[in-house]
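Take a look at the chain and its fold below. Then follow the text from the charged pairs to the metal site and the core.

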Amino acid sequence: MGRLIVLLLLAVVAVWYLRRVVRRFEGDERGPRASPQARELVSCARCGVHVPRPEAREAGGALYCSEEHARLGPAPRG
Ligand SMILES: [Zn+2]
């Protein structure tokens, strides 16, 4: 009976370890698959807030956080 419990414990540990390894492997694979552009942050020319590149609006060669800031244009200087 004692041997059975040891075997059961070993099986549980083995499954736990394998799941951990598989999860780490999947995580590593997910990283490079996502395009670097999707992670790139750009700062809004109006308010300076950082937004992911795909969510930024472009107007007049500058990038903005929202449609409204793209309409307002770059932050006034001075
Ligand atoms: Zn903004």
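A salt bridge is a side-chain nitrogen of Lys or Arg within 4 Å of a carboxyl oxygen of Asp or Glu. The structure holds two of them. This is a predicted model, in which local features need pLDDT of at least 70, side-chain atom pairs count only at pLDDT 80 or more, and totals for chains, interfaces and linings use all residues. Residues are numbered from 1 along each chain as its sequence is written, and side-chain values use heavy atoms, with hydrogens and water left out.

Start with the fold. The protein chain has three helices and four strands. These are DSSP runs, numbered from the N terminus: helices are H or I with at least four residues, strands E with at least two. Along the sequence the order is α-α-β-β-β-β-α. Of the 78 residues, 14% count as buried. Buried means under 20% relative accessible area, exposed over 50%, and partly exposed in between (1.4 Å probe, protein chains only).

Now the charged pairs. E67 is exposed at 53% relative accessibility. R57 is partly exposed at 34%. The other bridge pairs R53 with E58, at 3.7 Å from N to O. Here R53 is partly exposed, at 25%, and E58 is exposed, at 56%.

Which residues hold the zinc ion? Its protein donors are C44 (SG), C47 (SG), C65 (SG) and H69 (ND1), 1.9 to 2.3 Å away. Donors are N, O and S atoms within 2.8 Å of the metal (3.2 Å for Na, K and Ca); water is not among the atoms, so sites may look incomplete. The spacing along the chain is C-x2-C-x17-C-x3-H. C44 lies in the loop between β1 (41-43) and β2 (50-52) and H69 in helix α3 (residues 67-72), so this pair ties together parts 25 residues apart in sequence. C44 is buried at 4% relative accessibility, and H69 is buried at 17%.

C44 also belongs to the largest nonpolar core. Such a core is a set of buried Ala, Val, Leu, Ile, Met, Phe, Trp, Tyr and Cys residues joined through side-chain atoms within 4.5 Å. Strand β4 (residues 62-64) gives the most, with three.
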